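Please keep the sequence and the model open while reading.

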Amino acid sequence: MNDLIPPYEAVLARIAAAAQRAGRRPEAIRLVAVSKTHGPDVVRDAVDAGMTLFGENKVQEAAWKIPLSPAAAHWHLIGHLQSNKAKQAVRLFEAIHSVDSAHLADTLEAAARQAGTRPEIYLEVNVSGEPSKYGLTPEALPGVIEHILANTHILTLTGLMTMAPFDPEPEHARPHFARLRALRDDMEARFGIGLPHLSMGMTCDFEVAVEEGATDVRIGTALFGARPKITRPAPSPDTTSGAF
Ligand SMILES: *Cc1c(COP(=O)(O)O)cnc(C)c1O
C-alpha cells in the first residue's frame, strides 16, 4: 500500500471541489507536489501514486535529487533563484516560478541558449508588500515584462507567481490572490500577451487560491506531511535558501 495515495486523492478532491465552487474545470488546475526536503524515494512513491509534477525550492538539492528520481517526474523551481545558479536551473527545470528581476531573466536567457533548453518563466510578485518576501512590487512588474518581451527569445514568460503572507486563516489570503489575478489581467491587456499560469496557493490556502483563479497550486505538507523544522532565512543577496 502506497501511503501517498490517500493524501493525494484527498488533495485532488479538495481542488476539484474548490474549482466547482468557482465554476472552473478541475483540469485547469495542476498540482505542483512540493518535494523539498524529501528524498528520491518519496518522489518514487509519489510518481507511483500518480503525481507527475514536482516543485523544488533549492537548485542544489534538486541537482542531487532529480537524477535519482523517476524519469516520469517533471520539475519546476518555486524558490528564490540567484543568478549564479541559473546555468544549473535551466538544465533541471521545465519552469521557473520565481523570476524577480530583469537581470535574472537576462541571465536565464543566456544560460538557456547555452544549454539548449527552453524553460518557461513566471514572474514572482510580492502583492502583499511584506518586506520579508521575495518578488517584484506590482509597480515594477510592467517594466520587467517590457524588458523580457524585448530581450528574451528562448525563455517564454507564461505566468505570475505569489506567496500570501503566513496566516493560519486562509480567507486572509484571498485579497492577495485576487490582486495577482487582476494584475495578470491588466498585464495581458496592456501588452497583448497571454499569461495563462497563476502560481498561487499552498497547503494552508490552496482552495482559496483555486477559487481566485490559480492554475498551479504548490502543495507540500498536505501530501507529504510536516517537513523537518528549519529556520527561515531573511532575504539577502547571499542566502542560498528559499523562503522556507
Ligand atoms: C515550501 C513551499 C510551498 C509548499 O508549502 P506547504 O505549506 O508545505 O504546502 C509552496 N511554495 C513555495 C514557494 C514553497 O517554498
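Helices (H or I, at least four residues) and strands (E, at least two) are DSSP runs, numbered from the N terminus. The model is predicted: local features need pLDDT of at least 70, side-chain atom pairs count only at pLDDT 80 or more, and totals for chains, interfaces and linings use all residues. Residues are numbered from 1 along each chain as its sequence is written, and side-chain values use heavy atoms, with hydrogens and water left out.

**Salt bridges**

Side chains of opposite charge can pair when their charged atoms come close. A salt bridge here is a side-chain nitrogen of Lys or Arg within 4 Å of a carboxyl oxygen of Asp or Glu. The structure has 14 of them.

| Asp216 | Arg30 | 3.2 Å |

Take the pair Asp216 and Arg30. Asp216 sits in strand 8 (residues 216-219) and Arg30 in strand 1 (residues 30-34), so their bridge ties together parts that are 186 residues apart in sequence. For burial, the classes are buried (under 20% relative accessible area), exposed (over 50%) and partly exposed in between, with a 1.4 Å probe and protein chains only. Asp216 is buried because its relative accessibility is 0%. Arg30, at 29%, is partly exposed.

Glu109 and Arg113 belong to helix 5 (residues 102-115); they are separated by about one helical turn because they are four residues apart. Glu109 counts as buried at 5% relative accessibility, whereas Arg113 is exposed at 52%. Helix 7 (residues 174-191) holds both Glu188 and Arg184, four residues apart, about one turn of the helix. Glu188 has a relative accessible area of 24% and is partly exposed. Arg184 is buried, at 12%.

A network of salt bridges links Arg21, Glu171, Arg174, Arg181, Glu211 and Glu212.

**A negative patch**

Which residues gather in a patch of negative charge on the surface? They are Asp3, Asp41, Asp45 and Asp48. Patches are made of residues with over 30% relative accessible area and no salt bridge; like charges are joined within 9 Å, and nonpolar side chains (Val, Leu, Ile, Met, Phe, Trp, Tyr) within 5 Å. Asp48 lies in helix 2 (residues 40-49). Asp48 is exposed because its relative accessibility is 57%.

**The aromatic pair**

How many aromatic pairs does a search of the whole structure find? One. Phe54 and Trp75 form this tilted pair, with 5.4 Å from centre to centre and 35 degrees between the planes. Phe54 is in strand 2 (residues 53-56) and Trp75 in strand 3 (residues 74-77), so the pair ties together parts that are 21 residues apart in sequence. Rings of Phe, Tyr and Trp (its six-membered ring) pair if their centres lie within 6.5 Å; planes under 30 degrees apart count as stacked, over 60 as edge-to-face and the rest as tilted. Phe54 is buried, at 0% relative accessible area. Trp75 is buried too, at 4%.

**A buried loop residue**

Val125 belongs to the loop between strand 5 (120-124) and helix 6 (141-151). Is Val125 buried or exposed? Val125 is buried, because its relative accessible area is 1%. Val125 and Asp100 are 25 residues apart in sequence, and their C-alpha atoms are 7.3 Å apart in space.

How values were computed:
Accessible areas come from the Shrake-Rupley method with a 1.4 Å probe; for residues, only the protein chains shown count as cover. Lys and Arg count as positive and Asp and Glu as negative; His and the chain ends are not counted. The place of a charge is taken as NZ of Lys, CZ of Arg, CG of Asp or CD of Glu.
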